[in-house]
Amino acid sequence: MDLRRPPRSTSGGVEPKIRQVGFVTPDVSGPSELPAVAAAAALQPGPADGSPPASDLSPVMIPPPRHADHLSPGSPPASEAILASSAPQPSSMRFDAASELGDDDSRSMAPSAGELGMLPLPDCKTNKGDLADTQNEGAPVSISQKQKPSKAERRAIQEAQRAAKAAAKEAGLSGKSTGAPSGANPAVSKQAKSAKASQKKDVPPAVGLHYLSGEVSGGNGRCIAMLLSFREAIKDYSTPPNKTLSRDLTAKISSYVSFFIECRPLSISMGNAIRFLKNRIAKLPLTLSESEAKASLQSDIDRFINEKIVVADQVIVSHAITKVRDGDVLLTYGSSSVVEMILDHAHKLGRKFRVIVVDSRPKLEGQGLLRRLVAKGINCTYTHINAVSYIMHEVTRVFLGASSILSNGTVYSRVGTASVAMVAHALGIPVLVCCEAYKFHERVQLDSICANELGDPDVISKVPGRADLDHLKNWTDKENLQLLNLTYDATPSDYVSMIITDYGMLPPTSVPVIVREYRKEQLWV
C-alpha cells in the first residue's frame, strides 16, 4: 500500500517549519533566541552523499514562504537573508562575529556588488576541482587567483600572435628597430622579428623554385641539388636552447622537404636520400659536440653524393661500354645523364656508332641531349615518339634511363618509356636500362595511374611556335573536357632485357636482391 503524505494546509493545521542553516544575525532585542537557532541547526539532517560539509560551504538558507505571517518572530527580513547567504565568510569568524556584532555591522562585512560578481556562487554542478578548493579548512576565498586559460583562449592568443607576425612581415621589418603598432604586444613584434631573422639563415627557396621552373630536372640532378641545400642548412644550423640537435634538426629537414614537395613532388631517389640523412641524424652519438655532429653529417652527405651517384655512374659506364660495338645503332629516349655518359665514353674510345634520339612533347628533353652529342662529334638522328615504330627497324640496342626500379622489376621512368620498350621488345631488340642502386625501391606498382606526378595541363594544350593551333584555347570552360599530363609511366619487367647498375648487370627478377642488400647496409632505412 502506498502511504502518501497528507497535504499541508496554509490556513490551519500544522504550520510549515522554517529551517535556517548557517550564520544568521539576530536582532538586538532578542539575543536569547541564539540558542534556539543553534539547536535547530544541530537537529537538521546531514548533507547529501558526495557533498562537502556545511561548515566549509557557503551559508545556504531555505527561502521563506510567500506569506509573511508564517515567519518566526526573530527571523531577519528576506533581503537581509539573501545578502547574508551570498557572502561566504571564513569559518573562524562565523560564530564569534555573531555574538559581538549587530545587524549593521554584519551588513557592513558583506562584499560589495563588484566583489559579488567575482566570488563564485555555490552550484549543485560543482566539479571535483572546485570542491577540493572549497574544502580548504578555514581558508578564505582567493579573489585574485589566476585561472588557467581555456583552450579557446589559448587558440585566440595564438591567432593574435600569427596575425602580428603577418603584419610584421607585410610592414617589411628587415632587422631595423621599429616601434610596435598601437595595441600590439612588444614581445610579439620582437618574436616576429626573430622569426624573420631566423628565416634568413634557413635554406633559401632557390632550389625549390628551380624545381618548379624546370631549371633543375632529372633524378640525379634534383637529388644532388637537394642534398647540397641540406648541407648548407646543416652548416649554418645552431641548436636552440633547451632542445637536442637530433630532434630539432630532423624537424627542420622535414620542413624543408615540405617546401620542396609544394614546389614539385619528390622523386623516389630523393625520398631514399632523405631517409638516409634522417637515419644518420638519428644515429648521432650523444657524446658528440654540435660542431662535430655537423661535420659528421656534412661528411655523410658528401660521401652519399660521391659513392651513390658519381662513382655509381662511373661503374655503370664501365659495365655498359661492353655492350657498345662498332656499327651499332643505339636508340635512347629523352635525356638521361648516365646514358649520355655512356655514349660520350664510347665515342672517346673510338667506337663507330650512330645514335637515334627519340623525343616527345611537352618537355622536349631530347633536344638538349641532341645538341650536346652533336657538339661532341657524334652522328645523331632526331625524331619524335610517334615515329618510333618506323625507326626501330634499324636499331640494334636501346639504352634507357630510369627514375626508379621497383621491387617487382617495373621500370619507373619518364612517360613514353613503356611505349619505346614495348616496340623494341616486339621487334626482338634488347632493352638495357641504366639505373643507380640508390634509386631502387621496395614498392610494387603495376600501372601508371595509382601513383604518378601530374604536370601542367596547359602545356599540352599549346604548340610552341604555332599560335594558329589554338583549338584548346578555352578548354577550361568545357565541363566535359579534361587534359591529362602524366610525368612518369611504368614499364613491365617483361619488356626489359637487362638492368645495368653499380652492382653489375642483372635481370629484372634480381631486383629484390639489390633491395635486400641495401637494407642490410642500412643506407636509407
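Helix 15 (residues 366-375) has five named buried residues: Gly366, Gly368, Leu369, Leu370 and Leu373. Buried means under 20% relative accessible area, exposed over 50%, and partly exposed in between (1.4 Å probe, protein chains only). Helices (H or I, at least four residues) and strands (E, at least two) are DSSP runs, numbered from the N terminus. This is a predicted model, in which local features need pLDDT of at least 70 and side-chain atom pairs count only at pLDDT 80 or more, while totals for chains, interfaces and linings use all residues. Residues are numbered from 1 along each chain as its sequence is written, and side-chain values use heavy atoms, with hydrogens and water left out.

- A salt bridge is a side-chain nitrogen of Lys or Arg within 4 Å of a carboxyl oxygen of Asp or Glu.
- Glu340 and Arg372 form one, with their closest N and O atoms 2.9 Å apart; Glu340 lies in helix 14 and Arg372 in helix 15, so the pair ties together parts 32 residues apart in sequence.
- Glu340 is buried at 12% relative accessible area, whereas Arg372 is partly exposed at 37%.
- Lys376 and Asp344 also meet in a salt bridge (3.3 Å, N to O).
- Glu340, Asp344, Lys348, Arg372 and Lys376 are linked in a salt-bridge network.

**Salt bridges elsewhere**
- The whole structure contains 14 salt bridges.
- Asp302 pairs with Arg231 in a salt bridge, the closest N and O atoms being 2.9 Å apart; this links helix 13 (residues 290-320) to helix 10 (residues 219-235), with the two residues 71 residues apart.
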